[in-house]
Amino acid sequence: MGSTSPDADSAHLDLATVQAALEVAVRAPSIHNTQPWRWRLEDDGLLLLADRERQLSVADPDGHSLLVSCGAALHLTELALRAAGWRFESSYLPDAADPDLLAWIRPVGRTDPDEQLASQVDAARRRRCDRRPFAEGQIDDDARNELRSAGRDSSAYVDFPDTPERHVELAVAVSWADRIERNDEAYLAEMRRWLRDPDVHTLVDGVPVEAIPRVPVDAPRHTDIPLRDFEVGVSGRQLIEHGVDEHPLIAVVFTETSELRDHLRAGMSMMRLMVRADLLGLSSCPLSQAVDFAAFRARLQARMGWIGYPQMILRFGRPATPITDLLLTPRRPVADVLEVAISPSA
Ligand SMILES: Cc1cc2nc3c(=O)[nH]c(=O)nc-3n(C[C@H](O)[C@H](O)[C@H](O)COP(=O)(O)O)c2cc1C
């Protein structure tokens, strides 16, 4: 353990520290890369707030995906601060009257920077969603156990529904949700609004066409559990040249209850999983059609006979080639998501 220094400075997060932490935090995944978050630096801590203007009105009417996305950004904020040697206390959804105030992080002291956490920060920066078919080969039990323990905390846990029967049931449930969404014009129109072509758009948010897989018509992709199809009126530019019989590892993030706080905690759990996967040399990507809507989540839970509440579904596998071959999906600059409200003397 490093030494702690309870001096007055340790009670205030300085702007440079916060900016550096948020450079990491904004690398969090978010639904359609909407980045529905903002932070405010105040004298007594850093606040994470929901940006409701970026909530998807069709695909996310109850803000579940927004909270999961913000939970991922919250975990990375805390991880980056911890790695830099900050000790703090966090409260999640601290004000019942203000559901957009998602977290309040109050510094309480300093300690030595932590190298193990620094490697997690590197993983968070490197990670990107891999929607390609994965390479052959199973993910062994040790890696599964590491993923399982990374995802677990006092309110969330992870499971892999991978017996043949469970796999089929899950495939049916996701395919059903996917079909309903693909037949909804409003859903498709909203997705189209979040697609980004560098020839037409400035790239700071949304899903770039380079991150969307394109399979040849004569060699369609074989996946039991369908990926979300972003090709609505655009052609994906991530060319997938040959068919592969894929067997990704599917993980489900559950919570014990299903309050707003659980949606945030599920996002934190998902982020820990994705960081751990990267450190294990694995690729990951959320696959969330079957958990987009409260009614879908309830149906999935009932159909699978689960006691816990399914919050997120992710696929994991070995990258076909290094993930650094894939485009790093852009983010808005930190200056656009951070409001500084500290008094000059702080
Ligand atoms: C709540 C949530 C749901 C998501 N659902 C899907 C999905 O169904 N399919 C998919 O390919 N990506 C999904 N994503 C991944 C986002 O599209 C991705 O994080 C975003 O485009 C940014 O790209 P990056 O994570 O590679 O940086 C989801 C992410 C979140 C946080």
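1. Confidence first. The protein chain has a mean pLDDT of 93, and 95% of its residues reach 70 or more; pLDDT is the predictor's confidence in each residue, from 0 to 100. Take care with residues 1-6, though: the pLDDT there is below 50, and the stretch has 12 contacts in the model beyond near neighbours in sequence. Two residues count as in contact if their C-beta atoms, placed from the backbone, lie within 7 Å.

2. Some ground rules. This is a predicted model, so local features need pLDDT of at least 70 and side-chain atom pairs count only at pLDDT 80 or more, while totals for chains, interfaces and linings use all residues. Residues are numbered from 1 along each chain as its sequence is written.

3. Helices (H or I, at least four residues) and strands (E, at least two) are DSSP runs, numbered from the N terminus.

4. The ligand. Where does the ligand lie relative to the two domains? Domain 1 and domain 2 both give residues to the shell around the ligand, so it lies between them. The shell holds 21 residues, and the closest are P29, N33, C129, R228 and S288; a residue is near a molecule if its C-beta atom, placed from the backbone, lies within 6 Å of it. Helix 2 and strand 11 (283-286) are the elements giving two or more residues to the shell, and helix 2 gives the most, with 4 residues. By class, the shell has 10 nonpolar, 8 polar and 3 charged residues.

5. The largest nonpolar core. Such a core is a set of buried Ala, Val, Leu, Ile, Met, Phe, Trp, Tyr and Cys residues joined through C-beta atoms within 7 Å. Buried means 20 or more other C-beta atoms within 10 Å of a residue's own, exposed means 12 or fewer, and partly exposed is in between, with C-beta atoms placed from the backbone. Of the 79 residues in this core, C70, A73, L76, A251 and M270 touch the most other members. Helix 2 shows up again, giving the most to the core with 12 residues. Leaving aside neighbours within four places in sequence, A251 is in contact with L147, V158, F160, L273, L314 and F316.

6. Have a look at A72. A72 sits in helix 2 and is buried, because 30 other C-beta atoms lie within 10 Å. A72 and R272 are 200 residues apart in sequence, yet 8.1 Å apart in space, C-alpha to C-alpha. Not counting residues up to four places away in sequence, A72 touches A28, P29, G267, M268, M270 and M271.

Terms used
Nonpolar A, V, L, I, M, F, W, Y, C, P; charged D, E, K, R; others polar. Domains from an automatic or database assignment.
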